Amino acid sequence: MPAGLVGGMNDRDFVGDENEADTPATRALRILGALAKVPQASAKELADSTQIPVSTVYRMLTSLVSSGFAQKTSTKHYGAGPIAVHLSERYRDTTLTTGS
């Protein structure tokens, strides 16, 4: 997969702005944004996509997994966790209700 791409899109297409501060929170959100675009990805793919060092991606994934926002598969790939899925469903329900 080309650097900067996951699922054919740059992570900045989903979350972030090139002028935003590079904080742990924005890095975690960039990882979640990348995970939102593919069924699963390796830490290396996520690092390439988000331009975040792979060691940082691993640390962030540990936190995201332990908090339920991501899950680790048996093949050492990562995908959306139950809390991220619940947020997605809540968003979908809200947009269907409000028509936004």
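This is a predicted model: local features need pLDDT of at least 70, side-chain atom pairs count only at pLDDT 80 or more; totals for chains, interfaces and linings use all residues.
Residues are numbered from 1 along each chain as its sequence is written, and side-chain values use heavy atoms, with hydrogens and water left out.

A few words on terms. Helices (H or I, at least four residues) and strands (E, at least two) are DSSP runs, numbered from the N terminus. Buried stands for under 20% relative accessible area, exposed for over 50%, and partly exposed for what lies in between, with a 1.4 Å probe and protein chains only. When I speak of contact, or say that residues touch, I mean heavy atoms within 4.5 Å.

Now to the overall plan. The protein has 4 helices and 4 strands, and from the N terminus on, these elements follow the order β-β-α-α-α-β-β-α. Of its 100 residues, 33% are buried. Among the contacts with a separation of 6 or more, 43% are between residues 24 or more positions apart.

Which residues of α3 are buried? They are Thr56, Val57, Met60, Leu61 and Leu64. Seen down the axis of α3, these buried residues fall within an arc of 135 degrees, so they line one face of the helix, the arc being that of the directions from the helix axis to the C-beta atoms. On the face turned away from this buried side, α3 carries the exposed residues Arg59, Thr62 and Ser66.

That brings us to the interior. In soluble globular proteins, nonpolar side chains tend to be buried together. Here the largest nonpolar core has 17 residues, and those that touch the most other members are Ile31, Leu35, Leu46, Val57, Leu61, Leu64 and Tyr78. By a nonpolar core I mean a set of buried Ala, Val, Leu, Ile, Met, Phe, Trp, Tyr and Cys residues joined through side-chain atoms within 4.5 Å. The elements that give two or more residues to this core are α1, α2 and α3, and its largest share, 5 residues, comes from α1. Take Leu35 as an example: leaving aside neighbours within four places in sequence, Leu35 is in contact with Leu46, Leu61, Ala70, Tyr78 and Gly79.

Just after α3 comes Gly68, which takes a positive phi of about 90 degrees and sits in the loop between α3 and β3. Is Gly68 buried or exposed? Gly68 is buried, with a relative accessible area of 13%. Not counting residues up to four places away in sequence, Gly68 touches Gly81, Pro82, Ile83 and Ala84; Ile83 lies 15 residues from Gly68 along the chain, yet their C-alpha atoms are separated by 5.4 Å.

Finally, the charged pairs. The structure holds 4 salt bridges, each being a side-chain nitrogen of Lys or Arg within 4 Å of a carboxyl oxygen of Asp or Glu. One of them joins the side chains of Asp22 and Arg30 at 3.3 Å, N to O, where Asp22 is partly exposed at 48% relative accessible area, whereas Arg30 is buried at 6%. Asp22 and Arg30 are also linked with Arg27 in a network of salt bridges. In another salt bridge, the side chains of Asp48 and Lys44 meet at 2.8 Å, N to O; being 4 residues apart in helix α2, these two residues are separated by about one helical turn. A further salt bridge, at 3.4 Å, N to O, is that of Asp93 and Arg92, with Asp93 partly exposed at 39% relative accessibility and Arg92 partly exposed at 45%.
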